[in-house]
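The entries below follow the order in which I worked.

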Amino acid sequence: MREMHVICFTSQGEQLAARMTERFAKDTDTSLHIARGNNAKEWTKSVFRKDNILVYIGATGIAVRAIAPLLRSKMTDPAVIVIDEKGKFVIPILSGHVGGANRWAQTIAASINATPVITTATDINRVFAVDTFAVENGYVICNPAKIKEVSASLLEGKTVGLVSDFEVVGKLPKNISPEHDGDVKIRISEKFLPVAMNKSLMLIPKCFHVGIGAKKNASPDDLHDLFTSSLEENDIPVECVARIASVDLKKKEKAIIELAETHCIPFETYSPEQLREHESLFEMSEFVRETTGVGNVCETAAYLSANHGIMVCNKSARNGMTIAIAREHWQVRFNDLD
């Protein structure tokens, strides 16, 4: 669940915030936090985080001055939206695509009967926005500097190539073509390819699932080393890991919990019964069965977490810990609105 933080400065602004709570919060899975204050800079510092949505009810200048010292990059800055006190206009001013400010502005505007003011070129010209597509469809953007090249080409009516390791489903956006071999391309890959990044905007889906088995009280540092080295050996950015999985017995294993929290990756566990349904697909250990109730933990957990996925890294063992990586059966999906 994403968090929306709203600051207002007057009674009229407070009334508008209350309308948002009534009409907007109940229809979304976003939690709303409303503050009344006159120190916008301090408030901004406290909530200026990538996954938050910041809403200022007041003058645009207040928001601009508050966020200016904190700006870093389009990949890490949060969505920032300004609403005038009368609730007539909703204006996204930062992270319109990657942070989703444009989409949130439209949602807010619809809930309070206001007009969204969208200024990004791809949106107003109804041109495919590759960064919005990436964020909304679960891709990691490996080289965001290339977004400009893709957007500029599309805005000029030029064709952009598409190279994909996965099946492409749906109607391709205008001027996106898998047959085009020009200078500007979108490369959707299963792995990190440094050479391709020189010529293409590279997207990697967040579709990898890491299964882990570990002895009791395993070393968090050793597990982290095994995790990072396994990803590096398979050219998988850590940002592309969708979930970490294990058996229920390891639900409270400190090393796995710390690993998941360090990288903000969901950690899920399965019962021995669930894992046993698929253990025959992998090499089994009687010792592991006696300890956990299932003959194989890491590979089976990865496979099940990836929805019966494709194994890209079979079991690797070190210091009483095991790890395996599976990939979902991914498709590149477009729709008629892109």
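Predicted model: local features only at pLDDT ≥ 70, side-chain atom pairs only at ≥ 80, totals over all residues.

**Entry 1: helix H2 and its cover**

I first looked up what covers the buried residues of H2, and the cover includes strand E1 (3-8), strand E2 (31-36), strand E3 (53-57) and helix H3 (60-67). Contact here means heavy atoms within 4.5 Å, while helices (H or I, at least four residues) and strands (E, at least two) are DSSP runs numbered from the N terminus. Residues are numbered from 1 along each chain as its sequence is written, and side-chain values use heavy atoms, with hydrogens and water left out.

Which residues of helix H2 are buried? In H2 (residues 40-47) I found Ala40, Trp43, Thr44 and Val47, where buried means under 20% relative accessible area, exposed over 50% and partly exposed in between, with a 1.4 Å probe and protein chains only. They lie on the same side of H2, because they cover an arc of only 100° around the axis, the arc being that of the directions from the helix axis to the C-beta atoms. An α-helix has 3.6 residues a turn, so residues three or four places apart point the same way.

**Entry 2: aromatic rings**

I searched the whole structure for aromatic pairs and got 7; rings of Phe, Tyr and Trp (its six-membered ring) pair if their centres lie within 6.5 Å, and planes under 30 degrees apart count as stacked, over 60 as edge-to-face and the rest as tilted. Phe133 and Tyr139 are a stacked pair, because their ring centres are 5.5 Å apart and their planes stand at 25°. The rings of Phe133 and Phe334 are also stacked, with centres 4.8 Å apart and planes at 10°. This second pair links distant parts of the chain, since Phe133 is in helix H6 (residues 130-136) and Phe334 in the segment after strand E18 (331-333), 201 residues apart.

**Entry 3: an open sheet**

I traced an open sheet of 5 strands with mixed pairing, in the order E15-E14-E13-E17-E16, where two strands pair if DSSP finds at least two bridges between them. Its edge strands, E15 (267-270) and E16 (310-318), each pair on one side only. Strand E13 (residues 208-214) pairs with strand E14 (residues 241-247) in the parallel sense over 4 bridges, and Gly211 has Ala245 in E14 as its bridge partner.

**Entry 4: positive phi**

Most residues other than glycine have a negative phi, and most peptide bonds are trans. Ser95, which is not a glycine, has a positive phi of about 55°; Ser95 is found in the loop between strand E5 (89-94) and helix H4 (101-112) and is buried, with a relative accessible area of 12%. Asn319 has a positive phi near 50°, is found in the loop between E16 and E17, and is partly exposed at 45% relative accessible area.
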